[in-house]
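Have the model open as you read.

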Amino acid sequence: MDLVIIKKIKNNIIDIYDCLNYHIKTELMVGDNATYCDYCNIICNSLFISLLTTGPEILIIILDRKDKFNIKLNFYQELNLYNYIELKQTGYNYELIGVVMKSNEIHNSAHFIAFCKSYWHNKWFKYNDTIISPVNDFKKEVLDEQMPSVLFYKKVNI
């Protein structure tokens, strides 16, 4: 884990926006990292900016959950990617529609469960193998758990 991210961790919890800021960043390319300019035919210093050009319809965030620190993640039902998308007119607001996380029910195994939001019912459901059950308290069962492996967000038009 990078020191920049470690400094952001408080009480073993990190925010999803800190993770996005870490991966979407600006870097000065100088010295051995300088770039070749096809237009000028010279090696020159430059600024590397890592952004999404447009916002995808479905945003899938895969999280590395192999950390030995058991760090929890604050994530949200709404995600605003205004600072991370270059072409703002393509949309930058997202709604959480799915979460995959390791089950707490079976210890010492790699059993995963999924939580998905029903498009038709506008309700959350828990998928645990062949058992599908409604989620009564989304905040308690999913958001407060804070240990997702994969997050699925859908672009929303406001």
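What follows covers the salt bridges and then the cysteines.

A word on the ground rules: this is a predicted model, where local features need pLDDT of at least 70, side-chain atom pairs count only at pLDDT 80 or more, and totals for chains, interfaces and linings use all residues. Residues are numbered from 1 along each chain as its sequence is written, and side-chain values use heavy atoms, with hydrogens and water left out.

Searching the whole structure turns up three salt bridges, each being a side-chain nitrogen of Lys or Arg within 4 Å of a carboxyl oxygen of Asp or Glu.

| Pair | N to O distance |
|---|---|
| K155 and E57 | 3.5 Å |
| E95 and K117 | 2.4 Å |
| K139 and D144 | 2.9 Å |

Take K155 and E57, which meet in a salt bridge. This pair links distant parts of the chain, 98 residues apart: K155 sits in strand β13 (residues 148-155), E57 in the loop between β5 (46-49) and β6 (58-62). Strands here are DSSP runs (E, at least two residues), numbered from the N terminus.

K155 counts as buried, at 8% relative accessibility. The cut-offs: buried is under 20% relative accessible area, exposed is over 50%, and partly exposed is in between (1.4 Å probe, protein chains only).

Then there's the salt bridge of E95 and K117. E95 lies in strand β9 (residues 93-102) and K117 in strand β10 (residues 112-117), so the pair ties together parts 22 residues apart in sequence. E95 is partly exposed at 24%, and K117 is partly exposed at 22%. D144, the partner of K139, is partly exposed too, at 39%.

And the cysteines? The whole structure has zero disulfides, a disulfide being a pair of cysteine sulfur atoms within 2.5 Å. For C37, the nearest cysteine sulfur is that of C40, 3.6 Å away.

How values were computed. Helices (H or I, at least four residues) and strands (E, at least two) are DSSP runs, numbered from the N terminus.
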